[in-house]
Amino acid sequence: MLEHGEFRVEIKGVVLHTWPVGSFNRPGLLRYQRGVLDACQPLSRWVLFEHPQNVAAVTNDAMQALGETYQLASENGCIAIACEVGPLFKDTINKSFQPILSIPLLASDDAEELDAFVQRHL
């Protein structure tokens with residue numbers, strides 16, 4: 001199956017920012033997962049800050065891989081996850097993944113709330 005979805009990664013201090021674009025299927029999400037895990041290697045404690053906004057989504061078959069990505073991040077030094085999403089996905093992400101993670105997760109469409117969340121966990 002072809003990979004769908006593109007992303008850009010940038011480290012700013014101890015915050016790993018990602019900018020996903022497009023509709024991610026499972027193979028595309030697994031490529032994203034590898035990109036996040038590769039990028040975090042130089043960091044020991046870090047925050048994942050995703051910025052999909054309204055320009056990225058995950059297919060149903062990719063939702064499980066997204067949860068796996070968050071769990072693997074937490075096992076590799078990630079101490080919190082912020083996800084800047086539109087109102088359609090914020091409830092889905094919070095309800096699906098907060099219960100399975102041992103680190104804080106906030107999906108929101110409020111930039112100030114997300115920035116405050118990230119600052120609290122630095």
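Modeller: What follows is a short chat about strands, pairing and one backbone angle.
This is a predicted model, where local features need pLDDT of at least 70, side-chain atom pairs count only at pLDDT 80 or more, and totals for chains, interfaces and linings use all residues. Residues are numbered from 1 along each chain as its sequence is written, and side-chain values use heavy atoms, with hydrogens and water left out.

Colleague: In what sense do β1 and β2 pair?

Modeller: Strand β1 (residues 6-12) and strand β2 (residues 15-24) are antiparallel, with 7 bridges. Strands are DSSP runs of E with at least two residues, helices are runs of H or I with at least four, and both are numbered from the N terminus. Two strands pair if DSSP finds at least two bridges between them.

Colleague: Which residue in β2 is the bridge partner of isoleucine 11?

Modeller: Leucine 16. In β3, leucine 16 has leucine 48 as its bridge partner.

Colleague: And in what sense do β2 and β3 pair?

Modeller: Parallel, over 4 bridges. Together with helix α1 (residues 26-39), β2 and β3 form a right-handed β-α-β unit. Right-handed means that, with the strands pointing away from the viewer, the path from the first strand over the helix to the second runs clockwise.

Colleague: New topic. What is the phi of glutamine 53?

Modeller: Glutamine 53 has a positive phi, about 45 degrees, and is not a glycine. Most residues other than glycine have a negative phi.

Colleague: Why does glutamine 53 count as partly exposed?

Modeller: Because its relative accessibility is 39%. Buried is under 20% relative accessible area, exposed is over 50%, and partly exposed is in between (1.4 Å probe, protein chains only).
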